[in-house]
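Me: I would like to learn how to read a few features of a protein model. Could you take me through them one at a time?
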Amino acid sequence: MQHTIRFLWLPALLISACSDMTPSDLAANQPVYTGFPSIEPHQILPVENDRLYNQEAPIPPQCYTRTEASHNPCFVCHQVYPRGKSADYRMNKLDDGALQGNYLFSDVGVNNHWQNLFVDRRDYVAAISDQTIDRYVNEDNYTALAPRLKANNWQGYTPDLQNFHLADGAFDQDGIALDNSHWVAFNYKPFPSTFWPTNGSFGDVAIRLDTPFRERQGQYNIDIYRLNLALVEITIKDLPSISVLPFDESRYQIDINGDGRFNAAETRLRAQEHYFGDASQVVVTPQQYPTGTEFLHSVRYLGIDQDDQIVAPPRMKELRHMRKIKTLSDAELDNRYRRERKEKVDEDLPYFIHHGDAGMENGMGWMISAFVEDASGELRPQTHEENMACMGCHSAIGSTIDQTFSIGRKVTGPEGWGYINLQGMPDAPTVSHAEPEILAYFKRVGGGDEFRQNTEMLARWFDDKGQVKTGAVLAADVYQLITPSAERARQLNKAYTHIVRTQSYRLGRDATWVPAKNIHQAIDEGTRPLDPKHQALGWDLRLDWQSSSNAAQVAAE
């Protein structure tokens, strides 16, 4: 059956006094480094907002994986959970786990629009020296973005975290931004497997709560801010309590652990009905962030230090921003998820409200915007279609919690506040399964990425019969498991610059240089993605950090 697209683009002037600038207008238009192969003008795609090439941009490339009915990367996104009075509460009511066993694409979605996956970039990559790509990756393209936006009367989110190009250098040891912008970095385990560095990018995330959550009697208060951040972690992870840095209950006359006493250095915070400080009238809503919460997520190239270790470099591929604009009631959640399920079954095309510079609503209480590199490597606002590509993961998949991933995967407690660091991080199991998560992923997928084309991962963690080297995986930390060699990192960096220089994001952003094989060009809906025995239902993205050592023992047995 045929469908018409139903996205809504509200003109900028109907929303606010927006800049009326296009992404092209806000590009830097500076020369590209020398040392790169030439790109012919006809290879560069137009950067435009007035045309939508892919009406199903929210469907990510991974959904076209050739699974052979047995290789299952689908479970990390598409899930179903127990319901009913005796079941644990789950804010996400989509329950789309059936997509592991059935395709529900629209007539447009059955065709794979992510044609960058099939581009042969081997000659392009070979023509770039290691020195050239290292120089490019270590260039700062973040600092100039905010002044350029302001000069063009940009009315959307303007990056306000100083020195973010320095990665961990922008924060103190507890993750607090050094510039008093109140962004807080946290350490988390990257989501399988697109966000693993070995598959293309180094990522980090910072969170910022709204002003009342940071203040007491109108004044900034770090103790109150930390408590409220801990309450957010409690509600997202559905914990009864959490460890915190020592808090002086006597000074504030607040009993945070509920023992009926005021202790001078209390380190246990119990779940609360309301937040603290000037947000004391705000109810802690189960598995939702409070209105006004922001996330800042940088997607970077792969930096390589003098010891060939993978680190966060200054250069960003993307800078993503999310802001919570509405807390949803259970009735609203139920209604919105029912509608989403119906639209999937009816194979309707997606639609989202675009607010000009402010970004795009995901339909679930969040405003989302982002910046990507222009052809010269400077950051520019995403186009409408490029923003739509973000909606696939942040609007309606069954495994997320309040349409997000990272806080649920944060190292629990005060140890997890600080810039991301995978060194020494154990392969913690999820709260739903006892086996270490990455080990389980390798077994279910049969590779180190959704497409099973990461040859380095196959060589490291699988034998010549395709079986997982369980002992080697159990002996490694997360850094060792999911970061590439310096050689592969440079290949990934080089390949991605071809996408940047051709501005072909609408054709896909995966940093491949060899044409993909385990990908469908078109979906035959008469087949099923996975046989029932290879489906994995009930998987939870949240991690059980306390059981890490026990999980390794279970797997070894």
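Me: Where is His-78 found?

Reply: Helices here are DSSP runs of H or I with at least four residues, strands are runs of E with at least two, and both are numbered from the N terminus. His-78 sits in the loop between α1 (12–15) and α2 (122–126). Bear in mind that this is a predicted model, where local features need pLDDT of at least 70, side-chain atom pairs count only at pLDDT 80 or more, and totals for chains, interfaces and linings use all residues. Residues are numbered from 1 along each chain as its sequence is written, and side-chain values use heavy atoms, with hydrogens and water left out.

Me: Is His-78 buried or exposed?

Reply: Buried means under 20% relative accessible area, exposed means over 50%, and partly exposed is in between, using a 1.4 Å probe and protein chains only. His-78 has a relative accessible area of 12%, so it is buried.

Me: Which residues is His-78 in contact with, leaving aside its neighbours within four places in sequence?

Reply: Contact means heavy atoms within 4.5 Å. With those neighbours set aside, His-78 touches Cys-63, Asp-96, Gly-97, Leu-99, Gln-100 and Ile-397.

Me: You mention Cys-63. How many disulfides does the structure hold?

Reply: A disulfide is a pair of cysteine sulfur atoms within 2.5 Å. The structure holds 0 of them. For Cys-63, the closest cysteine sulfur is in Cys-77, 6.9 Å away and so too far for a bond. Cys-63 is partly exposed, at 24% relative accessible area. For Cys-390, the closest cysteine sulfur belongs to Cys-393, at 8.7 Å, again too far for a bond. Cys-390 counts as buried, at 12% relative accessibility.

Me: Let's turn to helices. How many residues of α5 are buried?

Reply: The count is 13 of 16, so α5 is largely enclosed by the rest of the structure. To check helix length, take the expected span as 1.5 Å times one less than the number of residues. Helix α5 (residues 222–237) reaches 22 Å from its first C-alpha to its last, close to the 22 Å expected. Just after α5, Asp-238 has a positive phi of about 60°.

Me: And what does α13 show?

Reply: Helix α13 (residues 486–502) has 17 residues that should span 24 Å, and its end C-alpha atoms are 25 Å apart, which agrees. α13 is mostly covered, with 15 of its 17 residues buried. Just after α13, Gln-503 takes a positive phi of about 50°.

Me: Which side chain makes a polar contact with the side chain of Glu-332?

Reply: A polar contact is a pair of N or O atoms within 3.5 Å; within protein, one must be able to donate a hydrogen and the other to accept it, and residues adjacent in sequence count only if both atoms are side-chain atoms. Glu-332, in helix α7 (residues 330–345), pairs in this way with the side chain of Lys-326 at 3.3 Å. A polar atom of the Glu-332 side chain also lies 2.8 Å from the backbone nitrogen of Ser-329.

Me: Last one: how is the chain split into domains?

Reply: Domain bounds come from an automatic or database domain assignment. That assignment gives domain 1 (45–210 + 291–556) and domain 2 (211–290). The contact takes 34 residues from domain 1 and 26 residues from domain 2.
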